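Welcome! Open the structure beside this page and follow along as we visit a few places in it.

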Amino acid sequence: MPRRLGQHFLRPASVERLLRVIDPREGDVFLEIGPGTGALTLPLAARAREVVAVELDASLAARLRERAPTNVRIVSGDALRVDLDALAPVGTRLVGNLPYYVSSPLLRRFLDLRPRLHDLHVMLQDEVARRVASPPGSREYGILSVFYALWADVDIPLRFPPGAFQPPPKVDSAVLRARFLLCPRAQVTDPERFERLVQTAFARRRRTLENNLQDSYPNLKEHLRLLKIEGRRRAETLSVVEFAQLANALSQ
Ligand code: SAM
(Lines give C-alpha, C1' and ligand atoms only; values in the text may rest on other atoms or scores of the structure.)
Protein backbone atom coordinates (compact mmCIF):
# COMPACT_ATOMS: atom_id res chain seq x y z
CA MET A 1 0.00 0.00 0.00
CA PRO A 2 1.63 3.33 -1.01
CA ARG A 3 2.48 5.70 1.85
CA ARG A 4 2.89 8.76 -0.34
CA LEU A 5 0.23 11.49 -0.56
CA GLY A 6 -0.93 10.83 3.00
CA GLN A 7 -2.63 7.61 1.92
CA HIS A 8 -4.04 5.95 5.05
CA PHE A 9 -7.23 4.18 4.16
CA LEU A 10 -10.18 3.82 6.54
CA ARG A 11 -10.95 0.30 7.77
CA PRO A 12 -14.63 -0.75 7.40
CA ALA A 13 -15.42 -0.35 11.13
CA SER A 14 -14.01 3.19 11.05
CA VAL A 15 -16.16 4.04 8.01
CA GLU A 16 -19.26 2.91 9.95
CA ARG A 17 -18.41 5.14 12.94
CA LEU A 18 -17.78 8.09 10.65
CA LEU A 19 -21.01 7.55 8.69
CA ARG A 20 -23.05 7.53 11.89
CA VAL A 21 -21.72 10.99 12.74
CA ILE A 22 -22.08 12.40 9.21
CA ASP A 23 -25.64 11.01 9.04
CA PRO A 24 -26.12 11.32 5.24
CA ARG A 25 -29.66 12.07 4.01
CA GLU A 26 -31.35 11.36 0.67
CA GLY A 27 -31.19 14.93 -0.65
CA ASP A 28 -27.60 15.65 0.44
CA VAL A 29 -24.85 16.73 -1.94
CA PHE A 30 -21.33 15.89 -0.71
CA LEU A 31 -17.96 17.25 -1.74
CA GLU A 32 -15.29 14.75 -0.68
CA ILE A 33 -11.58 15.49 -0.52
CA GLY A 34 -9.29 12.53 -1.21
CA PRO A 35 -11.71 9.63 -1.85
CA GLY A 36 -8.87 7.12 -2.32
CA THR A 37 -10.38 3.70 -2.97
CA GLY A 38 -13.89 4.95 -2.19
CA ALA A 39 -14.26 3.62 1.38
CA LEU A 40 -16.42 6.60 2.30
CA THR A 41 -17.48 7.70 -1.20
CA LEU A 42 -19.47 4.58 -2.09
CA PRO A 43 -21.56 4.30 1.11
CA LEU A 44 -22.25 8.04 0.94
CA ALA A 45 -23.38 7.71 -2.67
CA ALA A 46 -25.73 4.88 -1.68
CA ARG A 47 -27.52 7.17 0.77
CA ALA A 48 -27.26 10.67 -0.73
CA ARG A 49 -28.16 12.48 -3.93
CA GLU A 50 -24.67 13.13 -5.23
CA VAL A 51 -20.98 12.89 -4.29
CA VAL A 52 -18.31 14.96 -6.03
CA ALA A 53 -14.83 13.81 -5.02
CA VAL A 54 -11.43 15.40 -5.70
CA GLU A 55 -8.50 12.95 -5.86
CA LEU A 56 -4.90 13.84 -6.64
CA ASP A 57 -3.67 10.31 -7.34
CA ALA A 58 -4.63 9.78 -10.99
CA SER A 59 -4.55 5.98 -10.83
CA LEU A 60 -6.79 5.85 -7.73
CA ALA A 61 -9.14 8.34 -9.41
CA ALA A 62 -9.34 6.22 -12.56
CA ARG A 63 -9.99 3.01 -10.62
CA LEU A 64 -12.71 4.61 -8.52
CA ARG A 65 -14.34 6.16 -11.60
CA GLU A 66 -14.73 2.64 -13.06
CA ARG A 67 -16.53 1.33 -9.96
CA ALA A 68 -18.57 4.37 -9.02
CA PRO A 69 -22.34 4.64 -9.54
CA THR A 70 -23.78 7.44 -11.70
CA ASN A 71 -24.32 9.87 -8.80
CA VAL A 72 -20.56 10.02 -8.14
CA ARG A 73 -18.26 12.37 -10.01
CA ILE A 74 -14.52 11.91 -9.54
CA VAL A 75 -12.45 15.00 -10.31
CA SER A 76 -8.71 14.41 -10.83
CA GLY A 77 -6.68 17.17 -9.26
CA ASP A 78 -5.15 18.84 -6.25
CA ALA A 79 -7.79 19.96 -3.74
CA LEU A 80 -5.58 22.96 -2.96
CA ARG A 81 -5.81 24.14 -6.57
CA VAL A 82 -9.02 22.99 -8.23
CA ASP A 83 -11.90 25.45 -8.31
CA LEU A 84 -13.89 24.04 -5.38
CA ASP A 85 -16.55 26.74 -5.75
CA ALA A 86 -17.48 25.30 -9.13
CA LEU A 87 -17.91 21.84 -7.57
CA ALA A 88 -20.05 22.88 -4.59
CA PRO A 89 -23.63 24.10 -5.00
CA VAL A 90 -25.00 26.07 -2.04
CA GLY A 91 -25.80 23.71 0.84
CA THR A 92 -22.98 21.24 0.07
CA ARG A 93 -21.70 19.01 2.87
CA LEU A 94 -17.90 18.72 2.83
CA VAL A 95 -16.30 15.47 3.98
CA GLY A 96 -12.95 13.72 3.81
CA ASN A 97 -10.30 11.67 5.46
CA LEU A 98 -7.80 14.37 4.62
CA PRO A 99 -4.21 13.87 3.48
CA TYR A 100 -2.52 15.06 6.70
CA TYR A 101 0.46 16.66 4.97
CA VAL A 102 -1.81 19.42 3.62
CA SER A 103 -4.53 19.50 6.27
CA SER A 104 -3.85 23.05 7.53
CA PRO A 105 -3.89 24.76 4.09
CA LEU A 106 -6.98 22.73 3.19
CA LEU A 107 -8.76 23.88 6.37
CA ARG A 108 -7.93 27.47 5.47
CA ARG A 109 -9.22 26.90 1.93
CA PHE A 110 -12.53 25.41 3.15
CA LEU A 111 -13.27 28.71 4.89
CA ASP A 112 -13.32 30.47 1.51
CA LEU A 113 -15.90 27.92 0.40
CA ARG A 114 -17.97 28.59 3.52
CA PRO A 115 -20.88 30.46 1.85
CA ARG A 116 -21.60 27.25 -0.08
CA LEU A 117 -21.18 24.82 2.79
CA HIS A 118 -23.80 23.51 5.16
CA ASP A 119 -21.28 21.63 7.29
CA LEU A 120 -17.92 19.89 7.26
CA HIS A 121 -16.69 16.57 8.71
CA VAL A 122 -13.00 15.95 8.15
CA MET A 123 -10.52 13.46 9.58
CA LEU A 124 -7.32 15.15 10.75
CA GLN A 125 -4.38 14.64 13.05
CA ASP A 126 -5.87 14.89 16.54
CA GLU A 127 -3.47 17.74 17.30
CA VAL A 128 -4.69 19.82 14.33
CA ALA A 129 -8.37 19.14 15.11
CA ARG A 130 -7.79 20.32 18.69
CA ARG A 131 -6.11 23.48 17.41
CA VAL A 132 -9.22 24.37 15.42
CA ALA A 133 -11.79 23.43 18.07
CA SER A 134 -10.08 24.92 21.14
CA PRO A 135 -11.58 27.83 23.08
CA PRO A 136 -9.66 31.02 23.98
CA GLY A 137 -7.26 30.61 26.88
CA SER A 138 -6.07 27.15 25.90
CA ARG A 139 -2.60 26.37 24.63
CA GLU A 140 -3.98 25.04 21.33
CA TYR A 141 -6.12 28.11 20.52
CA GLY A 142 -4.71 29.83 17.44
CA ILE A 143 -5.34 31.43 14.06
CA LEU A 144 -7.57 28.67 12.67
CA SER A 145 -9.58 28.49 15.92
CA VAL A 146 -10.40 32.20 15.61
CA PHE A 147 -11.26 31.97 11.90
CA TYR A 148 -13.53 28.95 12.39
CA ALA A 149 -15.15 30.43 15.52
CA LEU A 150 -16.23 33.42 13.42
CA TRP A 151 -18.14 31.30 10.93
CA ALA A 152 -19.10 28.03 12.58
CA ASP A 153 -19.92 25.94 15.63
CA VAL A 154 -16.98 23.58 15.86
CA ASP A 155 -16.48 20.34 17.79
CA ILE A 156 -14.70 16.96 17.71
CA PRO A 157 -17.33 14.20 17.72
CA LEU A 158 -14.92 11.26 17.14
CA ARG A 159 -11.36 10.20 17.80
CA PHE A 160 -9.51 7.34 16.09
CA PRO A 161 -6.32 5.47 17.06
CA PRO A 162 -3.71 4.70 14.36
CA GLY A 163 -5.13 1.16 13.99
CA ALA A 164 -8.34 2.55 12.47
CA PHE A 165 -6.44 2.99 9.18
CA GLN A 166 -4.50 0.82 6.77
CA PRO A 167 -1.57 1.46 6.88
CA PRO A 168 -1.70 3.07 10.34
CA PRO A 169 -0.45 6.68 10.53
CA LYS A 170 2.08 7.64 13.24
CA VAL A 171 -0.38 9.96 15.01
CA ASP A 172 -3.83 9.81 16.59
CA SER A 173 -6.68 11.14 14.47
CA ALA A 174 -9.93 12.99 15.10
CA VAL A 175 -12.98 14.12 13.19
CA LEU A 176 -13.48 17.85 13.14
CA ARG A 177 -17.07 18.95 12.65
CA ALA A 178 -17.99 22.51 11.66
CA ARG A 179 -21.62 23.57 11.34
CA PHE A 180 -21.65 26.85 9.47
CA LEU A 181 -23.67 29.74 10.89
CA LEU A 182 -26.12 31.80 8.86
CA CYS A 183 -24.50 35.00 10.20
CA PRO A 184 -20.95 35.35 11.53
CA ARG A 185 -20.55 35.22 15.32
CA ALA A 186 -19.26 38.81 15.25
CA GLN A 187 -19.67 41.64 12.76
CA VAL A 188 -16.47 42.10 10.76
CA THR A 189 -16.34 45.18 8.51
CA ASP A 190 -13.28 44.12 6.51
CA PRO A 191 -12.58 40.33 6.53
CA GLU A 192 -9.10 40.72 5.02
CA ARG A 193 -8.01 43.20 7.69
CA PHE A 194 -9.52 40.93 10.35
CA GLU A 195 -7.44 38.00 9.07
CA ARG A 196 -4.28 40.11 8.92
CA LEU A 197 -4.80 41.33 12.48
CA VAL A 198 -5.31 37.80 13.83
CA GLN A 199 -2.23 36.53 11.98
CA THR A 200 -0.09 39.42 13.25
CA ALA A 201 -1.40 39.02 16.81
CA PHE A 202 -0.35 35.35 16.82
CA ALA A 203 2.99 35.96 15.05
CA ARG A 204 4.85 35.24 18.30
CA ARG A 205 2.60 33.42 20.68
CA ARG A 206 4.53 34.19 23.84
CA ARG A 207 4.62 37.93 23.20
CA THR A 208 1.93 40.33 24.36
CA LEU A 209 -0.71 41.69 22.02
CA GLU A 210 0.93 45.11 22.15
CA ASN A 211 4.37 43.76 21.24
CA ASN A 212 3.03 41.81 18.30
CA LEU A 213 0.80 44.57 16.94
CA GLN A 214 2.35 47.95 17.68
CA ASP A 215 4.61 48.13 14.61
CA SER A 216 1.72 47.46 12.22
CA TYR A 217 -0.93 49.61 13.96
CA PRO A 218 0.32 53.04 15.15
CA ASN A 219 -2.93 53.95 16.94
CA LEU A 220 -3.17 50.56 18.67
CA LYS A 221 -2.88 51.73 22.30
CA GLU A 222 -5.74 54.20 22.01
CA HIS A 223 -8.10 51.60 20.53
CA LEU A 224 -7.13 48.94 23.07
CA ARG A 225 -7.94 51.45 25.82
CA LEU A 226 -11.31 52.39 24.29
CA LEU A 227 -12.22 48.71 23.91
CA LYS A 228 -10.95 47.92 27.43
CA ILE A 229 -8.60 45.23 26.09
CA GLU A 230 -5.37 44.96 28.11
CA GLY A 231 -2.32 45.30 25.83
CA ARG A 232 -0.42 42.94 28.11
CA ARG A 233 -2.72 40.06 27.23
CA ARG A 234 -1.58 37.43 24.75
CA ALA A 235 -3.47 36.76 21.51
CA GLU A 236 -4.44 33.30 22.79
CA THR A 237 -6.71 34.92 25.42
CA LEU A 238 -8.81 37.01 23.01
CA SER A 239 -12.23 35.78 21.92
CA VAL A 240 -13.31 36.07 18.30
CA VAL A 241 -15.63 38.92 19.33
CA GLU A 242 -12.70 40.86 20.82
CA PHE A 243 -10.62 40.26 17.68
CA ALA A 244 -13.51 41.50 15.53
CA GLN A 245 -13.98 44.63 17.68
CA LEU A 246 -10.28 45.42 17.52
CA ALA A 247 -10.07 44.80 13.76
CA ASN A 248 -13.11 47.01 13.11
CA ALA A 249 -11.69 49.82 15.28
CA LEU A 250 -8.28 49.64 13.63
CA SER A 251 -9.84 49.69 10.12
CA GLN A 252 -11.57 53.00 10.72
N1 SAM B 1 -10.89 8.56 1.66
C2 SAM B 1 -9.98 7.42 1.62
C3 SAM B 1 -10.17 6.59 2.86
O4 SAM B 1 -10.58 7.17 3.88
O5 SAM B 1 -9.90 5.40 2.84
C6 SAM B 1 -8.52 7.88 1.49
C7 SAM B 1 -8.03 8.84 2.52
S8 SAM B 1 -6.26 9.14 2.51
C9 SAM B 1 -5.99 9.65 4.17
C10 SAM B 1 -6.08 10.69 1.65
C11 SAM B 1 -6.44 10.66 0.18
O12 SAM B 1 -6.23 11.99 -0.35
C13 SAM B 1 -5.61 9.74 -0.68
O14 SAM B 1 -6.44 9.04 -1.55
C15 SAM B 1 -4.66 10.68 -1.45
O16 SAM B 1 -4.28 10.16 -2.69
C17 SAM B 1 -5.52 11.91 -1.58
N18 SAM B 1 -4.78 13.17 -1.72
C19 SAM B 1 -3.54 13.47 -1.26
N20 SAM B 1 -3.23 14.75 -1.52
C21 SAM B 1 -4.32 15.30 -2.14
C22 SAM B 1 -4.61 16.59 -2.66
N23 SAM B 1 -3.73 17.58 -2.55
N24 SAM B 1 -5.82 16.77 -3.27
C25 SAM B 1 -6.72 15.76 -3.35
N26 SAM B 1 -6.49 14.51 -2.88
C27 SAM B 1 -5.32 14.28 -2.28
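Our tour begins with a side-chain pair: D112 and R108 make a polar contact through their side chains, at 3.3 Å. D112 itself sits in helix α5, which covers residues 103-112. Please keep in mind that this is a predicted model, and treat the values below as computed from it.

**Around the ligand**

Which residues are closest to the ligand? Of the 23 residues that surround the ligand, the closest are Q7, G34, E55, D78 and N97. The table sets out some of the atom pairs between protein and ligand.

| Residue | Protein atom | Ligand atom | Distance |
|---|---|---|---|
| E55 | polar side-chain atom | oxygen | 2.5 Å |
| L56 | backbone N or O | nitrogen | 3.3 Å |

Notice that E55 uses its side chain here, whereas L56 uses a backbone atom. How much of the ligand does the protein cover? On its own the ligand has 600 Å² of accessible area, and the protein covers 99% of that.

Strands β1 (9-10) and β3 (50-55) are the elements that give two or more residues to the shell around the ligand. Sorted by class, the shell has twelve nonpolar, seven polar and four charged residues.

**The largest pocket**

Where does the ligand sit in the protein? Its space is the largest pocket. That pocket holds about 410 Å³ of space. Its lining is made of 30 residues, and L5, G34, E55, N97 and P99 lie nearest the pocket's centre.

If you sort the lining of the largest pocket by class, you get 19 nonpolar, eight polar and three charged residues.

**A cavity elsewhere in the list**

How many cavities of 30 Å³ or more are counted? The count comes to one, and the volume of the largest cavity is about 30 Å³. To find this cavity on your screen, select R193, F194, L197, Y217, A247, L250 and S251, which line it. Two helices, α8 (191-201) and α11 (240-251), each give at least two residues to the lining of the largest cavity. The classes in this lining are five nonpolar, one polar and one charged.

**Two backbone details**

Finally, let us look at the backbone itself. Is the peptide bond from Q166 to P167 cis or trans? This bond is cis, with omega near -10 degrees. P167 belongs to the loop between β8 (165-166) and β9 (173-180).

The other detail is at D23, where phi is near 50 degrees, a positive value in a residue other than glycine. You can find D23 in the loop that runs between α1 (12-22) and β2.

How values were computed
Residues numbered from 1 in each chain as written. Predicted model: local features only at pLDDT ≥ 70, side-chain atom pairs only at ≥ 80, totals over all residues. Heavy atoms only, no water. Helix = DSSP H or I, 4+ residues; strand = E, 2+ residues; numbered from the N terminus. Polar contact = N/O pair within 3.5 Å; in protein donor to acceptor, adjacent residues only side chain to side chain. Near = heavy atom within 4 Å. Areas by Shrake-Rupley, 256 points an atom, 1.4 Å probe, with all protein chains shown as cover. 1 Å grid on protein atoms, 1.4 Å probe; cavity = no way out; pocket = protein on both sides within 12 Å on 5 of 7 lines; lining within 4 Å. Sits in = over half its atoms within 2 Å of the grid points. Nonpolar A, V, L, I, M, F, W, Y, C, P; charged D, E, K, R; others polar. Points joined across faces, edges and corners; volume = space filled by probe spheres on them.
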